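Here is a short briefing on side-chain contacts and surface features. Keep the structure open while you read.

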Amino acid sequence: MCIRDSNARLSIVNLSLRTILCVALKTDRGILGVIYVDSNAITRRFSERDVPLVEAFAAHAAVALERVRLQEAERDRDRMRQQLELAAEIQQTFLPGTFPDALGLAGAVATIPAQQVGGDLYDVIRFPDGRTGLVVGDVSGKGVPAALFAARILSDVRYEALYHDDVAATLASVNDIVVRRSTRGMFVTLCYAVFDPVRREVVFGNAGHVAPLLRGPLGDVSRWEEGAGLPLVVVAGHAYSVTRRTLAPGETLVMLTDGFL
């Protein structure tokens, strides 16, 4: 035995230790620690015969410690599960549960995250003049960080949409906002469309998102590929283009995320 610590040497001297026995606390996942036994008795020194007894005690102690560790881990998982369930409930309050009444439109909304919470987002924005804004997006990553980022993006889009009253300007402004704020390399893909019920016209911009689908009255389906731009957060000051399209009676616009495909 080689003892380098001067305090350790002093403790051995001060306690008049004559013999020391150490046995590892072993479990299936490795060594948890050691059991240390010492004695200052001159006539009773530890020998090989004492090792099995201490090892047996160490085995029982290791099992008990491992059980406590597993119980604590289970409690931590339960707390995390409860927190995620609460986070999922809170996230759902950010997203419309039903498609609100909108002039000239009938719609439906739904989201089923891959985990309890996720980065998918959508919104329906009603403008004072009767137009309706439709937003669908997806934050990179999953779980709580993506959900928090998505909630903030929704707030930004709602504010900027009502402030700018223009699809291209709204996307550009939201992009600049999240570029200044973004951390950890996260980015956002986003579709934003505004429907004018008087003209039956949709003005649409796409920031790197999955192209929406158009279903005709007879069931034919096509993709709206025009107007695609970079995802949000990629380039500061990026100018987004828009396209316009008139919806025929009975035609359906489907805006979705990549998890749907």
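E66 and R69 form a salt bridge, with N and O 2.8 Å apart. Both residues sit in helix α2 (residues 51-94), three residues apart, which puts about one helical turn between them. The model is a predicted one. The structure has eight salt bridges.

- E66 is buried, because its relative accessible area of 14% falls under 20%.
- R69 is partly exposed, at a relative accessible area of 29%.

**Salt bridges at E201**
- R199 pairs with E201 in a salt bridge, and the closest N and O atoms are 4.0 Å apart.
- R244 also meets E201 in a salt bridge, at 3.4 Å from N to O.
- E201 is buried, with 16% relative accessible area.
- R199 is exposed at 58% relative accessibility.
- R244 is exposed at 56% relative accessibility.

**Network and charges over rings**
- A network of salt bridges links D129, R131 and D165.
- R131 also lies over the face of F127, 4.7 Å from the ring centre.
- R245 places its charged end over the ring of W224, 5.9 Å from the centre of that ring.

**Aromatic pairs**
- How many aromatic pairs does a search of the whole structure find? There are two.
- Y159 and Y163 are stacked, because their ring centres lie 6.1 Å apart and their planes meet at 10°. The cut-off for stacking is under 30 degrees between planes.
- Both tyrosines belong to helix α3 (residues 143-164), with Y159 and Y163 four residues apart, about one turn of the helix.
- Are Y159 and Y163 buried or exposed? Y159 and Y163 are both exposed.

**Nonpolar surface patch**
- F187, L230, V234 and V235 make a nonpolar surface patch of about 290 Å².
- Where is L230 placed? L230 lies in the loop between β9 (228-229) and β10 (243-246).
- L230 counts as partly exposed, with 33% relative accessibility.

Methods: Residues are numbered from 1 along each chain as its sequence is written. This is a predicted model: local features need pLDDT of at least 70, side-chain atom pairs count only at pLDDT 80 or more; totals for chains, interfaces and linings use all residues. Side-chain values use heavy atoms; hydrogens and water are left out. Patches are made of residues with over 30% relative accessible area and no salt bridge: like charges are joined within 9 Å, nonpolar side chains (Val, Leu, Ile, Met, Phe, Trp, Tyr) within 5 Å. Accessible areas come from the Shrake-Rupley method with a 1.4 Å probe; for residues, only the protein chains shown count as cover. A salt bridge is a side-chain nitrogen of Lys or Arg within 4 Å of a carboxyl oxygen of Asp or Glu. Helices (H or I, at least four residues) and strands (E, at least two) are DSSP runs, numbered from the N terminus. Buried means under 20% relative accessible area, exposed over 50%, partly exposed in between (1.4 Å probe, protein chains only). Rings of Phe, Tyr and Trp (its six-membered ring) pair if their centres lie within 6.5 Å; planes under 30 degrees apart count as stacked, over 60 as edge-to-face and the rest as tilted. A charge sits over a ring if NZ of Lys or CZ of Arg is within 6 Å of the ring centre and within 35 degrees of the ring normal.
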